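Me: I have a protein model open and would like to learn how to read it. Could you take me through a few features, one at a time?

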Amino acid sequence: MVHPVLKDLFNLKKQFFPTDDAQAPAPAADEPAQAEAEKKPDIPGDLWAKCNGCGRALYTKLLDTNMKVCPMCAYHFRLTPEERVGYTFDENTFTALTYDIPEPDPLRFPGYQEKLESSQASTGHSDAVLCGVGEIHGVKTAACIMNSFFMMGSMGYVVGESVTRTVEYATANGLPVVIFTCSGGARMQEGIVSLMQMAKISGALKKHSDAGLLYITVITNPTTGGVTASFASLGDIILAEKGALIGFAGKRVIEQTIKQKLPKDFQTAEFALEHGFVDMICERRHLRKTLGRLLALHAPAGKREEAAEHA
């Protein structure tokens, strides 16, 4: 039996690249240029994706059926927050937490408002994080999912305040917290205001920890800068997706500072695991089940039995 995705590929090949010359339209004598243009296949731009790991061209439908992971080299493509919710939470259990937070522009940074509006229009999100509450294998969990497609997941006041309020909500309601990190670091357009979010989120997580509640970090590619230096490193359990870039400053900057050549795999999830920075590397296809087991293990006794039934 032929896989449905392979059938699609065969049909596309026949549609766009006919092997029978008789099927090709004959050029009109009075319109040679137009006829030549009509010969060229009209292939949608989102039909193929290039893998950043192995460089192969991948059929997007095949990629989607594999959770946006390259079937050749296991490179993990970046996900939108909606895709992350779909792959992680029990169906129809996730509810977004929305906050009315004004976007500051303390430095009056040139072009900043235009960049914000452009990212808001292209992503459909107000800023670079999606916060909410849902169930993972039956365990109710608060979550923050950073959005790398919104100004590279950079952390400004809105991101920091949203994460802080979600952690406070989880503390007040006795919920575990899972944060999926993916960021270029603190947002330079907001100066020290963005840097203060590191301390604010860390303080909220300390109160959450003092309440005896679980915090799990899932580090995805890439996680750098102030996010790595704060809440990405504070999880009671720190997971990382395969091949994720994890670091603070760039590799070249570090080499120029210490005047030494760094290992080839420096700042990868595998390097971080080897040196004790993360607890486990988890491939995307196993992530939901792994989170479910960890949450069930740390859940109250009654909830633990309920979670075991969903596992």
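Me: Is Asp100 buried or exposed, and what decides that?

Reply: A residue counts as buried under 20% relative accessible area, as exposed over 50%, and as partly exposed in between (1.4 Å probe, protein chains only). Asp100 has a relative accessible area of 74%, so Asp100 is exposed. Asp100 is found in the loop between β3 (95-96) and α5 (112-123). Helices (H or I, at least four residues) and strands (E, at least two) are DSSP runs, numbered from the N terminus. Please remember that this is a predicted model, where local features need pLDDT of at least 70 and side-chain atom pairs count only at pLDDT 80 or more, while totals for chains, interfaces and linings use all residues. Residues are numbered from 1 along each chain as its sequence is written, and side-chain values use heavy atoms, with hydrogens and water left out.

Me: Where is Cys282, and which residues does Cys282 touch?

Reply: Cys282 sits in the loop between β9 (280-281) and α11. With a relative accessible area of 2%, Cys282 is buried. Contact means heavy atoms within 4.5 Å. Not counting residues up to four places away in sequence, Cys282 touches Ala240, Glu241, Lys242, Leu287 and Thr290. Lys242 is 40 residues from Cys282 in sequence, yet their C-alpha atoms are 6.2 Å apart in space.

Me: How do α4 and α11 cross, and which residues make the contact?

Reply: Two packed helices are described by the angle between their axes and the distance between the axes. Axes are lines fitted to C-alpha atoms, for helices over the stretch in contact, and angles run from 0 to 180 degrees between N-to-C directions. The axes of α4 (residues 81-88) and α11 (residues 284-297) come within 9 Å and cross at roughly 60°. That makes α4 oblique to α11; angles under 35 degrees count as roughly parallel, over 145 as roughly antiparallel, 65 to 115 as roughly perpendicular and the rest as oblique. Arg84, Tyr87 and Thr88 of α4 meet Arg284, Leu287, Arg288 and Leu291 of α11.

Me: What classes do the residues of this contact fall into?

Reply: Ala, Val, Leu, Ile, Met, Phe, Trp, Tyr, Cys and Pro count as nonpolar, Asp, Glu, Lys and Arg as charged, and the others, Gly among them, as polar. In the contact of α4 with α11, 3 residues are nonpolar, 1 is polar and 3 are charged.

Me: How many helices and strands does the protein chain have, and how much of the chain is buried?

Reply: The protein chain has 12 helices and 9 strands. Of its 311 residues, 43% count as buried.
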